[in-house]
Amino acid sequence: MDEKENKLNEEMSVDNDVNQENDSTLEEKDGVKYETNDNWKFDAEAPTLNDEMFEGIDDSDKSQNYVGNKYAAQDSAMPVNEAYNNGNNQIVINKEPLKFIPLAIFVAAVIAALIVLGVRYYTVPNGKEGDMMNPASVVATIEDNKVSVGMYNLYFSSVVSQYEQYANYGYYDLDTSKDYSEQYTTDEDGNQITWLEFFQQETLNQIKTYNTFYSAALKDGITLTSTQQDTIDEQIESFKTTASEEGVALDDYIADIFGDYCSEDTVRLYMEQFYLTVNYRGKYAAENRPSEEEITNYYNEHQTDYYQINFSYLATSYDATSDETKAESEKQIQEYMSQITDRQSIIDLVPTAYADYIEQDAASYMESDSTLTEEEAEEQALETYEANVDGTIYGSESPFGEDINDWLFDENEPTGTVKYYVNEETGYAYIILKTEQATRIEDETYSVRHILIMPETDDESQTDETTGETTYTDEQWAAAEEKAENILNEYNEGDKTEYAFALLAEANSADTASTTAGSSDAFGGLYEGVGLGEMVSEFESWATDDTRQYGDTGIVKSEHGYHIMFFIDDCPSYEAQIITDLRNEQFDKMTENAQIDLHDSVIEKANEKFLEKKKAENASASDNTASETTSSY
């Protein structure tokens with residue numbers, strides 16, 4: 001061994017000693033020492049930051065279908081064309097010579113980098129976002145955005161919490177006290193998957209959706225409004241206050257709620273992504289209204305979706321646990337079907353089919369009203385079920401499956417016929433009587449934007465303690481009117497576009513239900529597809545005036561204040577729905593075309609840690625219940 005080789009080995013030995021010394025100082029967390037093998041762990045918990053922030057954004061099928069009063073339910077490899085050692089320590093790749101780097105020198109360089117940056121930089125997430133995020137933090141890359149472990153945890157906890165809440169109301173067959181990796185559901189393609197896999201899919205879908213529109217918003221130069229920035233700051237201040245009261249650091253408090261490596265940076269970015277997504281989609285809606293030709297063509301391709309049908313039905317239990325119980329359930333269905341000829345015949349079967357439910361409801365009525373007799377309570381419960389044998393579905397819905405939909409909406413199928421649908425997952429069968437033919441949804445609707453200017457209150461304002469209504473002075477009304485006129489003048493002096501009006505609504509409107517100042521995904525004072533009778537008369541009269549043309553503006557006074565109006569259209573409800581569907585179809589295409597690269601091993605660790613946490617929580621809850629039961633004796 002020559003002198004140079006001895007010196008190199010000595011240097012590498014020193015480097016390895018330093019590296020081992022660094023490893024020995026790594027902290028332990030949850031009993032795990034973070035080594036260079038990337039064996040780190042993190043938490044994901046159920047509480048959400050703000051469930052409402054996600055409602056309506058995601059256009060996937062999350063809606064609940066109701067019938068009457070019941071639920072119907074890698075590293076890339078460089079392509080090498082030619083590679084050989086020509087004896088001069090050169091490798092030729094695609095005929096371009098590259099200097100060969102001895103492995104020992106390469107290893108030494110890696111070790112040097114680890115000494116400078118630290119082992120943790122490559123093996124342990126740092127809870128940062130954006131440019132401050134280290135390589136170990138990356139769960140996925142979507143377009144140009146790197147998604148952190150903390151962000152994945154936050155989204156995951158929001159998704160799980162949402163479904164757990166619905167499951168507690170009976171909308172999903174999900175036992176929140178059991179292992180989600182051992183319970184099954186079906187995905188949108190009808191494949192059976194575990195609930196844990198389902199939650200992962202939903203989490204990644206939401207992350208992909210928000211990052212897609214977030215990137216588009218940044219490229220389009222869209223920024224947060226001052227109100228949105230204030231809301232984010234207020235949320236962080238709320239966390240700071242609670243963390244201080246509990247005597248913990250802010251990032252530790254946030255990580256305890258949403259999972260390890262979720263920090264103040266993560267929460268801020270999470271909310272920014274939400275608001276910029278809403279802002280981008282709002283701008284798109286204002287600037288991209290479909291033409292009459294597009295609406296007509298879309299309708300011709302999806303006619304049935306814009307029809308509705310009324311029917312009558314009877315629900316009965318269905319036991320699919322064995323062939324024997326299935327046979328018994330099928331026999332019961334056939335007996336009921338043989339007795340159904342019209343709506344009244346279904347009502348006549350209610351006392352028998354719903355006997356157990358009637359008894360349970362009657363007992364509940366008697367508990368809440370001690371003056372009711374058993375007979376009176378049962379009669380009240382019976383009347384409730386008899387009044388709820390009718391349902392309505394739209395062509396775009398399929399609560400009973402495609403076969404039942406095809407039958408109901410087929411104009412060649414006569415009324416008075418009966419079919420049944422079985423949902424083994426919920427344990428119910430629905431016997432359906434076709435009572436009429438489907439009809440197109442022709443109800444008149446209108447779409448407008450508005451900016452609400454309310455009179456400002458002071459000591460002279462009077463509020464009725466019973467109704468909560470405030471009486472304003474003439475001076476207050478006059479000041480509100482002047483403000484409304486000034487805002488309308490500002491609009492007229494500008495480029496007078498729908499988007500310009502929407503921005504003024506975001507900056508000035510007191511109606512939080514139609515702007516991002518609220519908790520929904522509304523933007524720019526938009527009310528779309530409004531049915532008659534839903535708004536105050538002054539508002540509706542202006543919007544439904546036959547002389548209105550797109551882009552008309554005006555000021556309307558109502559009991560709530562002054563409404564600065566922007567007219568969009570007045571049309572049958574099916575046309576309003578087509579406009580929404582066309583827009584959502586474009587949004588879906590944007591999301592589908594977005595590229596996402598996943599770090600599967602990191603996601604797998606997240607899911608494993610979540611299951612560990614959930615198991616511990618369930619065990620603790622079980623112990624507490626047992627303790628309370630014992631102490632009650």
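I started with α6 (226-246) and α8 (264-287), which pack at an angle of about 155° with their axes 10 Å apart. That makes α6 roughly antiparallel to α8; the label applies to angles over 145 degrees. Axes here are lines fitted to C-alpha atoms, for helices over the stretch in contact, and angles run from 0 to 180 degrees between N-to-C directions. Helices are DSSP runs (H or I, at least four residues) and strands likewise (E, at least two), numbered from the N terminus.

A note on the source: this is a predicted model, where local features need pLDDT of at least 70, side-chain atom pairs count only at pLDDT 80 or more, and totals for chains, interfaces and linings use all residues. Residues are numbered from 1 along each chain as its sequence is written, and side-chain values use heavy atoms, with hydrogens and water left out.

Next I listed who touches whom, taking contact as heavy atoms within 4.5 Å. From α6 I noted residues including I232, I236 and F239, and from α8 residues including V267, M271 and Y275. By class, this contact has six nonpolar, five polar and five charged residues. Ala, Val, Leu, Ile, Met, Phe, Trp, Tyr, Cys and Pro count as nonpolar, Asp, Glu, Lys and Arg as charged, and the others, Gly among them, as polar.

Then I checked α7 (residues 250-258), where L250, Y253, I254, A255, I257 and F258 are buried (under 20% relative accessible area, 1.4 Å probe, protein chains only). Their cover includes α4 (149-168), α6 and α8.

I see three strands in an open sheet, ordered β8-β7-β22, with antiparallel pairing; two strands pair if DSSP finds at least two bridges between them. β8 (145-148) and β22 (596-598) are at the edges with a single partner strand each, so one side of each has no neighbour in the sheet. The twist averages 25° from one strand to the next. β7 (residues 138-142) and β8 share four bridges, and I142 has N145 in β8 as its bridge partner. α4 packs on this sheet, touching β7 and β8, with its direction at about 70° to that of β8. Helix α5 (residues 195-219) lies across β7, β8 and β22 and runs at about 145° to β8.

Last, I looked at β20 (residues 553-558). G554, V556 and S558 make up its covered face, while T553, I555 and K557 are on the uncovered one. β20 pairs antiparallel with β21 (residues 561-572) over six bridges, and the two form a hairpin with two residues between them. I also noted T553 opposite F566 in β21.

Notes:
Buried means under 20% relative accessible area, exposed over 50%, partly exposed in between (1.4 Å probe, protein chains only). Angles under 35 degrees count as roughly parallel, over 145 as roughly antiparallel, 65 to 115 as roughly perpendicular and the rest as oblique.
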